[in-house]
Amino acid sequence: MSNINQPSYEVPLPTVKIASFNLLNYLEPPMAYYDFQNIYTIEQWHKKQAWITRFLTKNQPDIIGFQEVFSSESLQTLLESAGYSYYAVVDTPTIIDDFIYRSPVVAIASKFPIVEIASVSADQQAASLLGLSEFHFSRQPLRATIDIPHIGLTDCYVTHFKSKRSLFDDPLPDTIVPSETALSRFAGQRLGSWGSAMLRGTEANLLLLAILKQRESSTRPMLLMGDFNDELSSSCLEQLIAGNVFGMSDSDIKRLIGYYRLYDSWDLFTQNTEQVSLLRSPTHYFGSKTSVLDYILLSQEFNAQYLGSLFEVSDYHTEDKHLVNSSFDEDGYSTDHAIPCVTLSLRN
């Protein structure tokens with residue numbers, strides 16, 4: 001479903017704000033997510049809707065990449081009432097037993113015109129080089145080409161990589177090690193965790209390949225936002241922002257490779273500010289462990305160190321009050337992720 005009509009909008013402001021938003025099981029009752037008991041009451045659903053509306057009102061992002069969308073039509077209606085004329089999805093969740101939903105999808109909303117929508121497919125020939133056949137993303141990424149003021153058509157990607165949850169149920173079957181033993185459970189969790197890591201890393205690199213091929217053919221600026229389910233510095237994901245090419249000189253890398261690179265918006269922000277001691281806020285909390293799982297990556301057109309850039313990252317905000325200073329009445333049905341918001345400003 002998509003809405004790519006062309007309503008007019010005001011003379012563009014010199015800033016654009018981008019957000020990546022994991023909605024946490026956005027499913028309108030009386031449908032259930034994953035299990036027949038997981039159904040919001042009407043009151044809970046209204047509280048979740050109201051929380052999302054308050055976030056939009058407070059932060060005013062112009063473009064938002066969403067994850068964990070089950071009820072796409074409901075989300076589109078909410079966004080239209082909040083001033084987002086453009087919305088798109090490219091996939092649908094899985095429904096079992098008529099009312100239980102699995103496999104939520106990603107979506108995108110924009111105050112600027114979305115002129116093209118596409119699902120992103122994995123290059124099967126590249127997958128075969130990795131020893132894989134018939135590879136498919138665990139959650140279908142999307143590309144929306146958006147007409148952003150001042151910079152024009154920009155390819156905007158939304159993704160939700162495989163989680164760290166085990167790739168398969170443990171314990172292992174009897175044919176590998178004796179089942180119903182501590183060894184089976186221990187070994188099963190190790191293999192299942194590694195399987196998830198391999199899938200997450202493969203998704204990241206095959207998505208990057210698709211982004212690079214699109215960059216080569218379209219020559220448009222690009223941005224990638226989503227729930228990466230891992231730290232960007234991890235071995236699974238570090239290639240997303242890598243800039244090295246073995247055997248190529250530094251000067252050639254700068255001249256030839258910078259055009260294709262993606263940059264972490266946090267790094268672009270901190271290199272533009274004198275507050276070098278800034279600490280990045282986590283976007284996810286699990287017990288005492290904190291991590292940054294949600295990212296917005298940008299091409300060189302938004303990198304102030306590139307002389308031809310039109311925008312620079314002037315602000316980076318992590319909306320996390322609902323996690324670090326929550327009120328159940330307001331935040332009880334919000335989300336378990338913080339929301340990164342990046343402000344892009346025209347360069348002087």
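## An exposed loop residue

Buried means under 20% relative accessible area, exposed means over 50%, and partly exposed lies in between (1.4 Å probe, protein chains only). L13 counts as exposed because its relative accessibility is 60%. L13 lies in the loop between β1 (2-3) and β2 (15-26). Helices (H or I, at least four residues) and strands (E, at least two) are DSSP runs, numbered from the N terminus. The C-alpha atoms of L13 and V89 are 27 Å apart, and the two residues are separated by 76 residues along the chain.

## About the model

This is a predicted model, in which local features need pLDDT of at least 70, side-chain atom pairs count only at pLDDT 80 or more, and totals for chains, interfaces and linings use all residues. Residues are numbered from 1 along each chain as its sequence is written, and side-chain values use heavy atoms, leaving out hydrogens and water.

## Aromatic pairs

Rings of Phe, Tyr and Trp (its six-membered ring) pair if their centres lie within 6.5 Å; planes under 30 degrees apart are stacked, over 60 edge-to-face, and the rest tilted. The structure holds 18 aromatic pairs.

Y26 is buried, at 0% relative accessible area. W45 is buried too, at 4%. Y40 and W45 also pair: their ring centres are 5.8 Å apart and their planes at 40 degrees, so this pair is tilted. Ring pairs link Y26, Y33, Y34, Y40, W45, F70 and Y101 into a cluster.
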